[in-house]
Every structure is written in structure tokens, then in C-alpha cells.
Amino acid sequence: MENTSFAKETAAVNTEFLSLNPSTLEVIGEVENTSADEIDRKIKNAKIAQKQWSARSDAERKEILLKVAEALQQNSKHLAEWITREQGKPLSGPGSNFEMQACVGWTQVPASLDLPEEVVFEDDTRKDILYRKPIGVVAAIAPWNWPLMIAIWQIIPSLRMGNTVILKPSEYTTFSTLEMIKVINSVLPENVLQVVTGRGEVGSYLTGHPEIGKVMFTGSIATGKKVIEASAKNMARLTLECGGNDAGIILPGLDLSKHIENLFWGAFLNMGQTCACLKRLYVHENDYENVVKALSDYSANIPMGNGADENNVLGPIQNKMQFDKIQDLLNDAENNNADFLFKGQKPDQDGYFIPITLIGNVDNGSRIVDEEQFGPVLPIIKYKTLEDAVEKANDSENGLGASVWGDELEEAQKIAAQLEAGTVWINQHGAINPFVPFGGAKKSGYGVEFGVEGLKAVTIPKVISIKK
Ligand code: NAD
């Protein structure tokens, strides 16, 4: 337990952290680091609760989780307002009401799916049956970009399979998450789902705790590596959903009129602060001017401002750290003679607003292309041949998503087959679905969420082998 006592010291440091409304800079509250003793106590309670929770029938857990979905639906307006206030995404468009509908859907689907026992081998001499058992206590570490939806992705499959969960929301979006947990816990038995709050050191203490059996992590690659290191202490199983720097390739001669709306939201959903947003767009040199014009014209009409005003569908960057990171990448592009092809309007008010920005005269090797910008900025890169485009799209340590845009489906599928990513979308980007496994290739993480594969990920396979 030497490591634990060291971690206890760091987790006990009560560094205050202020959660702000990113549109107005209003202080929402001070986030406290849950102490190490309190985390120990919660994990102990989660272990006791897990025995009772997993002893319930599968049908009973399913029914309880469907009631959770109803409670989320009933409280969705209130929770959407909380998301807008703390995370910043607007109520309208694909914003916080949309996030709440996703929370409801991503609760209903894992609650409804089944993972029955399976006879994996049988002959005259033996029969082998595969069962899926809960792991125990799951630590869920959530990010700030889709704070409620991603927490739901981690919590609901874990509970469905009979685990209990301790969630650590991002320090930037703690209060909206706590509101959602109140709603969920109005339905769940005591200690099945608990929360700890605070910064990275709290996450570090939680994920390395000897009693944690599984970590569901969504966040940056850098933090993902720390979670892997922590798992050397407790051998916790891991699902890691880390960053992405998704490429899109537009095939030559695409009829843009059909695709421009999907291209725009593929790149700028949640102000580009989405792991699977389109972050680099490769366009044939003959189509470059048309694509730039079509995207600029479309972007010019999308209103940005405080998301509490239902006229706005684009909001602020969530926090100052991210705002500075994007500004730094924009400055670097400017210093290296990038073309600023389009710059949208930004509201004349406090808040971390960055206008929609399209950038040209950059290529692989430019920081704005190579690094995950996680903001409302899209570099558009010319290619001469499709081979060249595929090579550049694959030239990244990330491999979360990618997309191909083409009128000829067969050709688009051929290119999709060559892209190194967990998901390649055709004529859409980031179009996730609760039935369809989602996860990253390369350094974008490992393991998958969603669907039956996502349920398997929060279980231990157990075989009972019978001699005949
Ligand atoms: P982050 O890695 O900074 O933080 C994620 C969470 O980890 C937070 O709750 C944070 O407090 C916690 N944390 C920090 N240090 C820790 C440690 N040592 N041990 C355990 N937990 C620790 O990421 P972020 O800035 O909140 O999120 C943005 C990143 O997340 C982007 O890179 C984005 O692409 C990625 N992301 C990925 C997916 C996906 O599904 N692949 C989805 C959303 C976001």
C-alpha cells in the first residue's frame, strides 16, 4: 500500500477549482477535491452495494435502468439548461437538448440489449458454456466536452452488467454532472452509483486504487497514458477513449450541395470540441475553391453567442486552457504564412469565443494539421492524387474516426478500407449510434463502447466446462 499513502497525500491537497460559465465568465461554484479517505469509504460502500446489485436478476436491472431513462427524459430540460450554463454548448441545434436526448437513448439501448450465456463448444465428450460476469467496482473518468453524455456511456453499460460505479466528472463540468447524478440516483439503490470530484490527482488516486476492477476513461492521450501506468498497480481492465485528429477526404467532383450541412457539423459540432470531429479536410486541387466557397457561405449564416439564447447554435470554447491552446495553434499558422480563408463573426461580449475559421496553405507538418486542435478551426489541404490523400490522412498517431465524401459509393468504400481508424464514415462524420461499437485505432485508445461489444467490455468472461 506504499503507493496508496503517497497518493493520499496528493489527493488531500485541497486546491480550489472554479467552475465558470464560458459564455459569461460567471462563477458557478468551487470544485473540491474529494479526500482520499472519502474515496476509500465510497469504494468500500460500492463493493458492498455491488454484491446486492449483481445478485438482482438481469430483468430487474434492465427495468431499473429503463426507469433511469424515463427520469432523464423528464428532467431533460433542466439538465440541458445546466449543460449550457456550465459547458457552454447552446440549447438549440446539436447542443445541450440534443446531448440530453443522447443521454436518454444511450441509457435505453444498453438497458435493452442482452448478453446471454453462450455454448461455445459441444461434442460427445464435453460442453463449454461462456458466461459474462460483472467485474466489480468501475471507475469512470469523464471529460468536459460532452460531460453528461459521455458519463452515461460509461455508467449505464457498467450498471447493466452488474457492476457498481464511481464517477469522476471533469473539474470543468462538475456541477451539471452532479445535477444529472441526483436524477439518476432518485431511481437507483444506494451506493450503486457514486461521485467523487476534483482534479487529475483525484482521478489518479481513484484509478490506481487496489479495489478498482475496471477503468472507463475518456480524455486526452496524455492522461490515458497515466491511467495505463496506474493500472500497473491494480491490474484494472481498461477502456480508453482518447483523442482524435480525424481526417476527411472529399473525392474529386463531389456534388457539394447535398453534403455541405453534414460537412459543416462534422467539423464544428460542439465548436469542434468533439473527439470524433472532422479536424483535417483533404480536397482535390481542382475542387479546392468550390469547397472553400461552399463552406464559407454556409458558415457565414450560423449564429454564435451565449447558448442560453435559443437563436444561437454555436457557443464558446469550454474553458480558458482550451481557448489558449487553439489561439496558440492559430498564431503558429499565421506565423507560418497560412491563408485565413474564412473567419466568422464572434459575439461582442466576454466569454471564450473563437469564430469559425477555415485555414489554407497548410499541409501535414503544420502544427494546425498535425495536432488535435479541438476547436472551431478547419485546415483544408489540397491533394493531387487519392494515394497522396490517403497517405496524408493516415499520417497521424491518432486513429479514432475518418470520413470519405463521394457520389460513387463503391469508390468511397475502397478509400474507406484504406484509412486507419476505428470508424470510417461515408458522407457523414461522427455519426455515432448506441448499437454500433465505437473505439479508436492507434493512440486514440483501446477497447470499444456501445452495443453488445460495449457490454462485454464491462464483464469478465467465465467458462464452465462440463465433462460428459
Ligand atoms: P483530460 O485528459 O485532460 O481529462 C479527462 C479526465 O481525466 C478529467 O476528468 C480529468 O480530471 C481526469 N484526469 C486528469 N489527470 C488524471 C490522472 N492522472 N488520472 C486519472 N484521471 C485524470 O481530457 P479533457 O481535456 O477533459 O478532454 C478532452 C480530450 O478528450 C480530447 O483529447 C478529446 O479528443 C478526448 N475525448 C475523446 C473521446 C473519445 O471517445 N475518444 C471523447 C471525448 C473526448
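This is a predicted model: local features need pLDDT of at least 70, side-chain atom pairs count only at pLDDT 80 or more; totals for chains, interfaces and linings use all residues.
Strand β4, which covers residues 126-134, is joined to β20 by 9 bridges. In one of these pairs, P134 has T459 of β20 as its bridge partner.

The cysteines are the next topic. A disulfide is a covalent bond that links the sulfur atoms of two cysteines. How many disulfides does the structure hold? The number is 0. The case of C242 illustrates this: the closest cysteine sulfur to its own belongs to C275 and is 10 Å away, which is too far for a bond, since a disulfide requires the two sulfur atoms to be within 2.5 Å. With a relative accessibility of 6%, C242 counts as buried. C275 also counts as buried, because its relative accessibility is 14% and the limit for this class is under 20%.

Attention may now turn to a helix. Residue D328 belongs to helix α12, which spans residues 320-335. Is D328 buried or partly exposed? Its relative accessibility of 38% places D328 in the partly exposed class. Between D328 and G315 there are 13 residues of separation in sequence, and their C-alpha atoms are 20 Å apart in space.

A search of the whole structure finds 3 cavities of 30 Å³ or more. The largest cavity holds about 90 Å³ of space. Its lining consists of 15 residues, and those nearest its centre are R280, A393, G401, A402 and E420. At least two lining residues come from each of β10 (246-250), α14 (386-394), β15 (398-399) and β16 (401-405). The lining of this largest cavity comprises 6 nonpolar, 5 polar and 4 charged residues.

The second largest cavity holds about 70 Å³. Which residues line the second largest cavity? Among them are W106, I152, W153, F450 and L455. Helices α5 (96-112), α6 (147-160) and α16 (451-456) each supply at least two residues of this lining. By class, the lining of the second largest cavity has 9 nonpolar and 2 polar residues, with no charged residues.

Note on methods:
Residues are numbered from 1 along each chain as its sequence is written. Side-chain values use heavy atoms; hydrogens and water are left out. Two strands pair if DSSP finds at least two bridges between them. Helices (H or I, at least four residues) and strands (E, at least two) are DSSP runs, numbered from the N terminus. Buried means under 20% relative accessible area, exposed over 50%, partly exposed in between (1.4 Å probe, protein chains only). On a 1 Å grid over the protein atoms alone, a cavity is a set of points where a 1.4 Å probe fits but cannot get out, and a pocket is an open set with protein on both sides within 12 Å along at least five of seven lines; lining residues have an atom within 4 Å of a point. Grid points are joined across faces, edges and corners, and a volume is the space filled by probe spheres set on the points. Ala, Val, Leu, Ile, Met, Phe, Trp, Tyr, Cys and Pro count as nonpolar, Asp, Glu, Lys and Arg as charged, and the others, Gly among them, as polar.
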